[in-house]
Amino acid sequence: MNFVKNGKRKRKKKKTDSEKNRRRTRRMKKKKEKKNQERVEKVRKEREEKERADQEQFRQETLTAEKEVAERIEARREKIRKERQEKEQQEQQEWAEIEKLEQSKQTDQAEKQRKRLQEIQQKREKQEKDEEDAFRKPVSYTHLTLPTI
């Protein structure tokens, strides 16, 4: 074929076999590079998706564990409340007995009952304070937040 350059006609040089081979090789290399890049991108996306799924699963497991801990704590608190109510009812009954004894002129027995009941109240107050302090202590959730491999 002829083409014009600077007003002069020149003939296009024929490509040699080695030139054709070099160009074909370059094209093949480009295709291979493109395929490799596509594979790398695909693997990267798969890894990201798997990592997101793992993170979501870990978050769900952590939430579940935290809910279970909160439920156990609440159940324990409820049990403590019930025990306190029972003890208070028992103390009220004992105070009623003390009043009856005092009214029936049995002061020695009433005084012994009063002292015993005061000791019980002091013990209960100390126990309640200790239980409240136990709920206020910091708790480590490290075992829940460490990654599992």
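**Notes on a predicted helical model**

1. A word on confidence before the details. The mean pLDDT of the protein is 81, and 78% of the residues reach at least 70. Helix α1 has the highest confidence, at 88, while strand β1 (residues 2–5) has the lowest, with a mean of 54. Where pLDDT is low, predicted coordinates should not be read in detail.

2. Helix α1 deserves a look of its own. Does its length agree or disagree with what 1.5 Å a residue would give? It agrees: the 87 residues of α1 should span 129 Å, and the C-alpha atoms at its ends lie 127 Å apart.

3. On burial, 9% of the 149 residues in the protein are buried. In α1, the buried residues are Thr-62, Ala-65, Ile-80, Glu-91, Glu-94, Ile-98 and Leu-101. Two of these, Thr-62 and Leu-101, are taken up in the next points.

4. Thr-62 sits in helix α1. Why is Thr-62 called buried? Its relative accessible area is 13%, and the cut-off for buried is under 20%. A polar atom of the Thr-62 side chain also lies 2.8 Å from the backbone oxygen of Phe-58.

5. Leu-101 is another residue of helix α1. Leu-101 counts as buried because its relative accessibility is 15%, again under the 20% limit. From Leu-101 to Glu-111 there are 10 residues in sequence, and their C-alpha atoms are 9.3 Å apart in space.

6. How many cavities of 30 Å³ or more does the structure hold? There is 1, and the volume given for the largest cavity is about 60 Å³.

7. Which residues line the largest cavity? They are Ile-80, Glu-83, Arg-84, Lys-87, Arg-124, Gln-127, Glu-128 and Glu-131. Helices α1 (17–103) and α2 (107–136) each contribute at least two residues to this lining. By class, the lining has 6 charged residues, 1 polar and 1 nonpolar.

Notes: Residues numbered from 1 in each chain as written. Predicted model: local features only at pLDDT ≥ 70, side-chain atom pairs only at ≥ 80, totals over all residues. Heavy atoms only, no water. 1 Å grid on protein atoms, 1.4 Å probe; cavity = no way out; pocket = protein on both sides within 12 Å on 5 of 7 lines; lining within 4 Å. Points joined across faces, edges and corners; volume = space filled by probe spheres on them. Helix = DSSP H or I, 4+ residues; strand = E, 2+ residues; numbered from the N terminus. Nonpolar A, V, L, I, M, F, W, Y, C, P; charged D, E, K, R; others polar. Buried < 20%, exposed > 50% of the residue type's maximum accessible area, 1.4 Å probe, protein only. Polar contact = N/O pair within 3.5 Å; in protein donor to acceptor, adjacent residues only side chain to side chain. Expected span 1.5 Å × (residues − 1). pLDDT = per-residue confidence, 0-100.
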